[in-house]
Amino acid sequence: MKDSYEWGPPPPQKPDNIPEFGFAKFTETDQSFVPIKEQSRVGYIHYVKRPGWEGYVRCIGEGCEFCNQPGQKREERVFLPGYLLEEARIGIFSVTDLRRPGSLLPQLERVLCSDEKVMITVRRTSMTTFKVRTQSLNPGDDDGEAAIEQFRKKCDAGEINTLTVTPAYTEAEIAGLSVTPALCAR
Ligand SMILES: [Zn+2]
């Protein structure tokens, strides 16, 4: 999984061309999903905090304007797409590279190594620990096949990829999203 390394194409040009997939989160309640493991990618992100706006932006690699800023560190993540059974949509999980007892990545890697078509259920048990279970899918179960197929097709066509889920905002774009302190004070 760590070997599939891609920066991905630039974000869609048309502002209305918003990918119909978004982030998914692991919480303290069970989140069950069918992994789309061949579309998992290792990527880098920056946590950017500006007046009125904070969030993650995608590191575009060479020429990234955040990489050279003092104190701005680049964080590695494994982005894993999956079909979320409860929400019936494709969601992308952003997994840190922590490797400690109970960490998510080593547990996910173990279950993703199997070729069997499984459903994975993850529950967060503390800030940094997770419980990961797997279950075989029975014939007739909702396995998200149509949604997964559509996602794969769009990835193959270069329309989207797993990494484009994190916006590649520029500093100027973030400035446009920020609330100016003067306006707040009014
Ligand atoms: Zn960067």
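This is a predicted model: local features need pLDDT of at least 70, side-chain atom pairs count only at pLDDT 80 or more; totals for chains, interfaces and linings use all residues.
Me: Which residue of strand 7 is the bridge partner of Phe33?

Reply: Strand 2 and strand 7 run antiparallel, joined by three bridges. In one of the pairings, Phe33 meets a residue of strand 7, namely Ile120.

Me: And which residue does Phe33 stand opposite in strand 5?

Reply: Strand 2 also pairs with strand 5, again in the antiparallel sense and over three bridges. On that side, the residue of strand 5 opposite Phe33 is Leu84.

Me: How many helices and strands does the protein have, and what pattern do they follow along the sequence?

Reply: The tally is four helices and eight strands. Reading along the sequence, you get β-β-β-β-β-β-α-β-β-α-α-α.

Me: How confident is the predictor overall, as a mean pLDDT?

Reply: 85% of the residues reach 70 or more. Residues 1-6 are below 50, although that stretch has twelve contacts beyond near neighbours in sequence. Across the protein, the mean pLDDT is 86.

Me: For residues 10-19, how many contacts beyond four places in sequence does the model have?

Reply: Here too the pLDDT stays under 50. Beyond four places in sequence, the contact count for this stretch is six.

Me: Which residues touch the most other members of the largest nonpolar core?

Reply: That core holds 22 residues. A separate core of five residues lies apart from it, with Ile45, Val57, Cys59 and Phe66 among its members. Back in the largest one, the residues touching the most other members are Phe79, Leu80, Ile92 and Val95.

Me: Is Val95 buried or exposed?

Reply: Val95 lies in strand 6. Its contacts, leaving aside neighbours within four places, are Arg77, Val78, Leu80, Leu104, Leu105 and Leu108. It has 22 C-beta neighbours inside 10 Å and the cut-off is 20 or more, so Val95 is buried.

Me: What distance separates the C-alpha atoms of Val95 and Phe26?

Reply: Along the chain, the two residues are 69 apart. From C-alpha to C-alpha, the separation is 9.7 Å.

Me: Which residue in the turn between strand 3 and strand 4 has a positive phi?

Reply: Strand 3 (residues 41-50) and strand 4 (residues 53-58) pair in the antiparallel sense over six bridges. Arg50 stands opposite Trp53, and the hairpin has two residues between its strands. With a phi of about 85°, the turn residue you want is Gly52.

Me: Is Gly43 buried or exposed?

Reply: Gly43 is in strand 3 and touches Arg58, Arg77, Phe79 and Leu163, not counting residues up to four places away. It is 17 residues from Ile60 in sequence, with 9.1 Å between the C-alpha atoms. Since 23 C-beta neighbours inside 10 Å meet the cut-off of 20 or more, Gly43 is buried.

Me: What phi does Ala88 have, although it is not a glycine?

Reply: Ala88 sits in the loop between strand 5 and strand 6. It has 10 other C-beta atoms within 10 Å, and 12 or fewer means exposed, so Ala88 is exposed. Its phi is positive, at about 50°.

Me: Is Pro101 buried or exposed?

Reply: Pro101 belongs to the loop between strand 6 and helix 1. Thr129 is 28 residues away along the chain, with the C-alpha atoms separated by 7.6 Å. Because Pro101 has 7 C-beta neighbours inside 10 Å and the limit is 12 or fewer, it counts as exposed.

Me: How far does helix 2 reach from its first C-alpha to its last?

Reply: Helix 2 spans residues 145-156, twelve in total. Just after it, Gly158 takes a positive phi of about 80°.

Definitions and conventions
Residues are numbered from 1 along each chain as its sequence is written. A nonpolar core is a set of buried Ala, Val, Leu, Ile, Met, Phe, Trp, Tyr and Cys residues joined through C-beta atoms within 7 Å. The expected span of a helix is 1.5 Å times one less than its number of residues. pLDDT is the predictor's confidence in each residue, from 0 to 100. Two residues are in contact if their C-beta atoms, placed from the backbone, lie within 7 Å. Two strands pair if DSSP finds at least two bridges between them.
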